[in-house]
Amino acid sequence: MPDFRADTQSALSSLLTVPDAELDSFAGKVLVENAVWDVSDPVGSLIGPEAILNGFIRPLRAALTQVQRRDEIFMGAANIREEGGNWCASVMHYVGNFDGPLWGMSPCQRLVFLRAGEFYRVDQGKITKARIIIDLIDLMRQAGRFPLPMELGTEMLFPGPATHDGVFPQGGDGVASLAVVEGMFADLHAFDPETFSSKGQTGSTGYWADDMLWYGPGGIGSNYLWSGFVKDHRESFLKAFPDRKGGNHYCRIGDGNYVAASGWPSMTMTFQGDYLGVKADGRPLTLRVMDFYRCAGGQIKENWVHLDYVNLLAQMGFDAIAASEALASSERPQ
(Lines give C-alpha, C1' and ligand atoms only; values in the text may rest on other atoms or scores of the structure.)
Protein backbone atom coordinates (compact mmCIF):
# COMPACT_ATOMS: atom_id res chain seq x y z
CA MET A 1 0.00 0.00 0.00
CA PRO A 2 1.47 3.39 -0.95
CA ASP A 3 2.57 5.62 1.93
CA PHE A 4 0.74 8.92 1.44
CA ARG A 5 3.38 10.61 3.58
CA ALA A 6 6.22 9.65 1.24
CA ASP A 7 4.22 10.50 -1.87
CA THR A 8 3.33 13.92 -0.47
CA GLN A 9 6.88 14.72 0.57
CA SER A 10 8.15 13.71 -2.87
CA ALA A 11 5.59 15.97 -4.55
CA LEU A 12 6.53 18.94 -2.37
CA SER A 13 10.23 18.43 -3.02
CA SER A 14 9.66 18.20 -6.76
CA LEU A 15 7.73 21.48 -6.82
CA LEU A 16 11.04 23.12 -5.96
CA THR A 17 13.25 21.20 -8.37
CA VAL A 18 11.42 20.30 -11.58
CA PRO A 19 12.52 22.41 -14.58
CA ASP A 20 10.69 25.70 -15.02
CA ALA A 21 9.11 24.50 -18.25
CA GLU A 22 7.52 21.53 -16.44
CA LEU A 23 6.38 23.30 -13.27
CA ASP A 24 2.81 24.15 -14.33
CA SER A 25 2.18 20.66 -15.63
CA PHE A 26 3.63 19.02 -12.53
CA ALA A 27 1.58 21.24 -10.20
CA GLY A 28 -1.57 20.11 -11.98
CA LYS A 29 -0.71 16.51 -11.12
CA VAL A 30 -0.19 17.04 -7.38
CA LEU A 31 -2.62 19.90 -6.56
CA VAL A 32 -6.38 19.91 -7.02
CA GLU A 33 -7.79 22.70 -9.16
CA ASN A 34 -9.29 24.57 -6.19
CA ALA A 35 -6.46 23.92 -3.72
CA VAL A 36 -6.17 26.54 -0.97
CA TRP A 37 -2.82 27.34 0.64
CA ASP A 38 -2.95 29.72 3.59
CA VAL A 39 0.54 31.07 4.22
CA SER A 40 1.83 33.28 7.02
CA ASP A 41 2.26 37.02 6.46
CA PRO A 42 2.93 38.66 4.13
CA VAL A 43 1.91 35.95 1.62
CA GLY A 44 -1.72 35.31 2.63
CA SER A 45 -4.27 32.98 1.04
CA LEU A 46 -3.52 31.44 -2.36
CA ILE A 47 -6.28 29.68 -4.31
CA GLY A 48 -5.58 27.34 -7.21
CA PRO A 49 -2.30 26.00 -8.65
CA GLU A 50 -1.43 29.19 -10.55
CA ALA A 51 -1.74 31.39 -7.46
CA ILE A 52 0.17 28.85 -5.35
CA LEU A 53 3.00 28.72 -7.85
CA ASN A 54 3.19 32.48 -8.37
CA GLY A 55 2.70 33.44 -4.73
CA PHE A 56 4.79 30.81 -2.97
CA ILE A 57 6.72 28.28 -5.06
CA ARG A 58 8.21 30.59 -7.72
CA PRO A 59 9.29 33.25 -5.19
CA LEU A 60 11.19 30.59 -3.22
CA ARG A 61 12.78 29.18 -6.37
CA ALA A 62 13.85 32.66 -7.48
CA ALA A 63 15.12 33.91 -4.12
CA LEU A 64 16.97 30.83 -2.83
CA THR A 65 19.41 29.57 -5.46
CA GLN A 66 19.00 25.81 -6.07
CA VAL A 67 16.51 25.66 -3.22
CA GLN A 68 15.78 22.30 -1.63
CA ARG A 69 13.55 21.21 1.24
CA ARG A 70 15.12 19.56 4.26
CA ASP A 71 12.56 17.84 6.49
CA GLU A 72 13.35 17.24 10.14
CA ILE A 73 9.88 15.81 10.85
CA PHE A 74 7.47 14.57 8.20
CA MET A 75 4.47 12.74 9.61
CA GLY A 76 0.94 11.89 8.57
CA ALA A 77 -2.29 10.47 9.97
CA ALA A 78 -6.04 10.90 10.10
CA ASN A 79 -7.12 14.20 11.63
CA ILE A 80 -9.14 13.76 14.84
CA ARG A 81 -10.62 17.26 14.70
CA GLU A 82 -14.01 18.00 13.15
CA GLU A 83 -12.57 18.81 9.73
CA GLY A 84 -11.24 15.25 9.41
CA GLY A 85 -9.22 14.06 6.43
CA ASN A 86 -5.71 12.68 6.09
CA TRP A 87 -3.02 15.26 6.83
CA CYS A 88 0.73 15.45 6.61
CA ALA A 89 2.69 17.81 8.85
CA SER A 90 6.31 18.86 8.69
CA VAL A 91 9.04 20.72 10.52
CA MET A 92 11.46 21.69 7.79
CA HIS A 93 13.84 24.21 6.24
CA TYR A 94 14.05 25.65 2.75
CA VAL A 95 17.79 25.59 2.09
CA GLY A 96 19.63 27.71 -0.47
CA ASN A 97 21.73 30.78 -1.08
CA PHE A 98 19.60 33.87 -0.43
CA ASP A 99 20.42 35.62 -3.71
CA GLY A 100 17.15 37.32 -4.68
CA PRO A 101 14.42 39.35 -2.95
CA LEU A 102 11.73 37.42 -1.09
CA TRP A 103 8.40 38.81 0.16
CA GLY A 104 9.75 42.28 0.79
CA MET A 105 13.15 41.17 2.11
CA SER A 106 16.37 41.96 0.30
CA PRO A 107 18.92 39.15 -0.15
CA CYS A 108 22.13 38.66 1.81
CA GLN A 109 23.99 36.49 -0.77
CA ARG A 110 24.75 33.66 1.61
CA LEU A 111 23.42 30.28 2.72
CA VAL A 112 20.20 30.34 4.74
CA PHE A 113 18.00 27.72 6.35
CA LEU A 114 14.50 29.18 6.06
CA ARG A 115 12.46 27.51 8.81
CA ALA A 116 8.84 26.48 8.20
CA GLY A 117 6.01 24.52 9.75
CA GLU A 118 3.60 22.98 7.26
CA PHE A 119 0.26 21.12 7.29
CA TYR A 120 -1.18 19.51 4.14
CA ARG A 121 -4.51 17.82 3.62
CA VAL A 122 -4.27 15.00 1.08
CA ASP A 123 -7.31 13.54 -0.70
CA GLN A 124 -7.02 10.79 -3.30
CA GLY A 125 -3.31 11.43 -3.72
CA LYS A 126 -3.52 15.19 -4.28
CA ILE A 127 -2.96 18.15 -1.97
CA THR A 128 -6.24 19.97 -1.39
CA LYS A 129 -5.33 22.36 1.42
CA ALA A 130 -2.22 23.71 3.15
CA ARG A 131 -1.38 25.89 6.11
CA ILE A 132 2.23 27.13 6.22
CA ILE A 133 4.13 29.32 8.67
CA ILE A 134 7.41 30.72 7.37
CA ASP A 135 9.75 32.06 10.07
CA LEU A 136 10.79 35.32 8.42
CA ILE A 137 11.95 36.74 11.76
CA ASP A 138 14.60 34.02 11.89
CA LEU A 139 15.50 34.66 8.24
CA MET A 140 16.09 38.31 9.15
CA ARG A 141 18.40 37.13 11.94
CA GLN A 142 20.36 34.94 9.52
CA ALA A 143 20.67 37.90 7.14
CA GLY A 144 22.10 40.03 9.97
CA ARG A 145 19.01 42.28 10.18
CA PHE A 146 17.18 41.17 13.32
CA PRO A 147 14.36 43.73 13.64
CA LEU A 148 13.20 43.37 17.24
CA PRO A 149 14.43 45.50 20.15
CA MET A 150 15.13 42.35 22.18
CA GLU A 151 15.32 38.55 22.00
CA LEU A 152 14.59 35.96 24.66
CA GLY A 153 15.99 32.42 24.37
CA THR A 154 18.79 30.95 22.26
CA GLU A 155 18.44 31.71 18.55
CA MET A 156 19.52 28.62 16.61
CA LEU A 157 18.85 26.32 13.70
CA PHE A 158 15.92 24.01 14.48
CA PRO A 159 17.44 20.58 15.10
CA GLY A 160 15.83 17.32 14.11
CA PRO A 161 14.59 14.96 16.82
CA ALA A 162 17.21 13.56 19.18
CA THR A 163 16.15 10.07 18.04
CA HIS A 164 16.63 10.91 14.33
CA ASP A 165 13.36 9.17 13.41
CA GLY A 166 11.04 12.06 12.63
CA VAL A 167 10.68 11.49 8.87
CA PHE A 168 7.95 8.88 8.26
CA PRO A 169 7.87 7.61 11.90
CA GLN A 170 7.77 3.84 12.20
CA GLY A 171 7.61 2.95 15.89
CA GLY A 172 5.43 4.17 18.72
CA ASP A 173 1.70 4.62 19.19
CA GLY A 174 0.21 7.74 17.63
CA VAL A 175 -3.02 7.44 19.62
CA ALA A 176 -1.13 7.26 22.93
CA SER A 177 1.17 10.13 21.97
CA LEU A 178 -1.81 12.28 21.02
CA ALA A 179 -3.51 11.49 24.36
CA VAL A 180 -0.47 12.84 26.25
CA VAL A 181 -0.48 16.08 24.29
CA GLU A 182 -4.24 16.54 24.57
CA GLY A 183 -4.01 16.12 28.34
CA MET A 184 -1.29 18.76 28.43
CA PHE A 185 -3.45 21.13 26.37
CA ALA A 186 -6.38 20.74 28.77
CA ASP A 187 -4.33 21.58 31.86
CA LEU A 188 -2.18 24.34 30.34
CA HIS A 189 -4.97 26.93 30.20
CA ALA A 190 -4.96 27.72 33.93
CA PHE A 191 -1.73 29.04 35.48
CA ASP A 192 -0.40 30.46 38.74
CA PRO A 193 0.26 34.19 38.12
CA GLU A 194 3.18 34.12 40.56
CA THR A 195 5.06 31.04 39.29
CA PHE A 196 3.53 30.74 35.79
CA SER A 197 3.09 27.00 36.39
CA SER A 198 0.07 24.86 35.48
CA LYS A 199 -1.05 21.66 37.14
CA GLY A 200 0.26 18.36 35.89
CA GLN A 201 2.94 19.79 33.61
CA THR A 202 6.13 18.73 35.43
CA GLY A 203 7.44 16.03 37.75
CA SER A 204 7.63 12.26 37.41
CA THR A 205 3.93 12.02 36.47
CA GLY A 206 3.79 15.30 34.53
CA TYR A 207 3.25 15.77 30.83
CA TRP A 208 6.76 17.13 30.21
CA ALA A 209 9.96 15.14 30.73
CA ASP A 210 12.44 16.63 33.18
CA ASP A 211 14.95 17.08 30.34
CA MET A 212 12.46 18.65 27.90
CA LEU A 213 13.70 20.70 24.96
CA TRP A 214 11.58 23.52 23.54
CA TYR A 215 12.41 25.03 20.16
CA GLY A 216 10.76 28.40 19.54
CA PRO A 217 10.48 30.80 16.59
CA GLY A 218 12.62 33.81 15.84
CA GLY A 219 12.29 36.38 18.61
CA ILE A 220 11.59 33.76 21.30
CA GLY A 221 14.39 31.28 20.61
CA SER A 222 14.91 27.88 22.18
CA ASN A 223 15.39 26.69 25.74
CA TYR A 224 16.06 23.66 27.96
CA LEU A 225 14.12 22.32 30.97
CA TRP A 226 10.77 23.62 32.24
CA SER A 227 12.57 26.39 34.11
CA GLY A 228 14.21 27.57 30.88
CA PHE A 229 10.87 27.43 29.06
CA VAL A 230 9.25 29.60 31.74
CA LYS A 231 12.15 32.08 31.88
CA ASP A 232 12.72 32.45 28.15
CA HIS A 233 9.14 32.27 26.89
CA ARG A 234 6.20 31.54 29.15
CA GLU A 235 6.68 34.30 31.74
CA SER A 236 7.03 37.11 29.20
CA PHE A 237 4.19 35.76 27.07
CA LEU A 238 1.73 35.44 29.96
CA LYS A 239 2.64 38.87 31.32
CA ALA A 240 1.89 40.33 27.91
CA PHE A 241 -1.22 38.25 27.19
CA PRO A 242 -2.60 37.02 30.55
CA ASP A 243 -6.09 36.36 29.15
CA ARG A 244 -4.88 34.25 26.24
CA LYS A 245 -7.18 31.41 25.20
CA GLY A 246 -5.73 28.57 23.13
CA GLY A 247 -7.13 25.65 21.21
CA ASN A 248 -9.40 26.19 18.20
CA HIS A 249 -7.39 23.61 16.27
CA TYR A 250 -8.41 22.54 12.77
CA CYS A 251 -5.92 19.65 12.85
CA ARG A 252 -4.46 17.28 15.43
CA ILE A 253 -2.66 14.13 14.32
CA GLY A 254 -0.56 11.48 16.02
CA ASP A 255 1.96 9.36 14.13
CA GLY A 256 4.14 7.01 16.17
CA ASN A 257 5.89 9.03 18.87
CA TYR A 258 4.99 12.30 17.17
CA VAL A 259 2.07 14.71 17.42
CA ALA A 260 1.23 17.80 15.38
CA ALA A 261 -1.48 20.36 16.12
CA SER A 262 -2.37 23.69 14.55
CA GLY A 263 -4.92 26.49 14.76
CA TRP A 264 -5.45 29.30 12.25
CA PRO A 265 -5.69 31.27 14.46
CA SER A 266 -5.29 29.21 17.61
CA MET A 267 -5.04 31.94 20.25
CA THR A 268 -7.13 34.98 21.06
CA MET A 269 -5.89 37.51 23.62
CA THR A 270 -5.46 41.19 24.47
CA PHE A 271 -2.16 43.06 24.53
CA GLN A 272 -1.83 43.93 28.23
CA GLY A 273 1.93 43.95 28.84
CA ASP A 274 4.95 45.05 26.79
CA TYR A 275 6.32 42.25 24.61
CA LEU A 276 9.56 41.91 22.67
CA GLY A 277 10.15 45.61 23.18
CA VAL A 278 6.76 46.67 21.79
CA LYS A 279 4.57 48.76 24.11
CA ALA A 280 1.22 47.30 25.13
CA ASP A 281 -2.00 49.12 24.30
CA GLY A 282 -4.76 46.66 25.23
CA ARG A 283 -5.79 45.86 21.66
CA PRO A 284 -7.27 42.42 20.81
CA LEU A 285 -4.95 40.01 18.98
CA THR A 286 -4.99 36.57 17.38
CA LEU A 287 -2.10 34.17 16.83
CA ARG A 288 -1.57 31.41 14.27
CA VAL A 289 0.15 28.43 15.88
CA MET A 290 1.76 25.13 14.88
CA ASP A 291 3.14 22.72 17.48
CA PHE A 292 5.08 19.51 16.89
CA TYR A 293 5.90 17.09 19.73
CA ARG A 294 8.04 14.02 20.27
CA CYS A 295 6.84 11.80 23.11
CA ALA A 296 8.62 9.02 24.97
CA GLY A 297 7.68 7.07 28.08
CA GLY A 298 4.33 8.83 28.31
CA GLN A 299 5.86 12.33 28.40
CA ILE A 300 6.80 15.10 25.98
CA LYS A 301 10.54 15.19 25.30
CA GLU A 302 10.78 17.77 22.51
CA ASN A 303 8.51 20.53 21.18
CA TRP A 304 8.99 22.50 17.95
CA VAL A 305 6.86 25.67 17.81
CA HIS A 306 6.00 27.78 14.76
CA LEU A 307 4.16 31.08 15.30
CA ASP A 308 3.20 33.67 12.69
CA TYR A 309 5.03 36.50 14.46
CA VAL A 310 5.14 38.77 11.40
CA ASN A 311 1.33 38.75 11.55
CA LEU A 312 1.19 39.10 15.36
CA LEU A 313 3.66 41.99 15.37
CA ALA A 314 1.69 43.74 12.62
CA GLN A 315 -1.42 43.51 14.81
CA MET A 316 0.68 45.03 17.63
CA GLY A 317 1.58 47.95 15.36
CA PHE A 318 5.12 46.86 14.49
CA ASP A 319 6.17 46.17 10.87
CA ALA A 320 8.97 43.63 11.22
CA ILE A 321 9.82 43.52 7.51
CA ALA A 322 10.10 47.31 7.27
CA ALA A 323 12.24 47.43 10.42
CA SER A 324 14.55 44.75 9.05
CA GLU A 325 14.84 46.45 5.67
CA ALA A 326 15.68 49.74 7.38
CA LEU A 327 18.69 47.97 8.88
CA ALA A 328 19.60 46.62 5.43
CA SER A 329 19.39 50.12 3.93
CA SER A 330 21.71 51.51 6.57
CA GLU A 331 24.34 48.93 5.59
CA ARG A 332 24.28 49.75 1.86
CA PRO A 333 26.81 52.20 0.43
CA GLN A 334 25.32 55.67 0.00
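Tutor: A helix crossing is called left-handed if the near helix is turned anticlockwise from the far one by less than a right angle, and right-handed if clockwise. The crossing of α2 and α3 is right-handed. This is a predicted model: local features need pLDDT of at least 70, side-chain atom pairs count only at pLDDT 80 or more, and totals for chains, interfaces and linings use all residues. Residues are numbered from 1 along each chain as its sequence is written, and side-chain values use heavy atoms, without hydrogens or water.

Start with the two helices. Helix α2 spans residues 20-30 and helix α3 spans residues 49-63. Their axes (lines fitted to C-alpha atoms over the stretch in contact, with angles from 0 to 180 degrees between N-to-C directions) come within 13 Å and cross at roughly 145°. Helices (H or I, at least four residues) and strands (E, at least two) are DSSP runs, numbered from the N terminus. From α2, the contact (heavy atoms within 4.5 Å) takes D20, L23, D24 and A27. From α3, L53, I57, R58 and R61 take part. By class, the contact of α2 with α3 has four nonpolar, no polar and four charged residues. Here Ala, Val, Leu, Ile, Met, Phe, Trp, Tyr, Cys and Pro count as nonpolar, Asp, Glu, Lys and Arg as charged, and the others, Gly among them, as polar.

Next comes strand β1, residues 31-39, which holds L31. L31 touches W37, P49, I52, K126 and I127, leaving aside residues up to four places away in sequence. L31 and I52 are 21 residues apart in sequence, yet their C-alpha atoms are 9.5 Å apart in space.

Now the strands. Strand β5 covers residues 111-123, and eleven of its 13 residues are buried, so β5 is largely enclosed by the rest of the structure. Strands pair when DSSP finds at least two bridges between them. On that basis, β5 runs antiparallel to β4 (residues 86-98), with twelve bridges joining the two. A89 has F119 of β5 as its bridge partner. Eight bridges also join β5 to β6 (residues 126-134), again antiparallel. A116 has I134 of β6 as its bridge partner. The hairpin of β5 and β6 has two residues between the strands, and Q124 there takes a positive phi near 50°.

A130 sits in β6. A130 counts as buried because its relative accessibility is 0%. Not counting residues up to four places away in sequence, A130 touches V36, W37, D38, F119 and Y120.

Technical notes. Buried means under 20% relative accessible area, exposed over 50%, partly exposed in between (1.4 Å probe, protein chains only).
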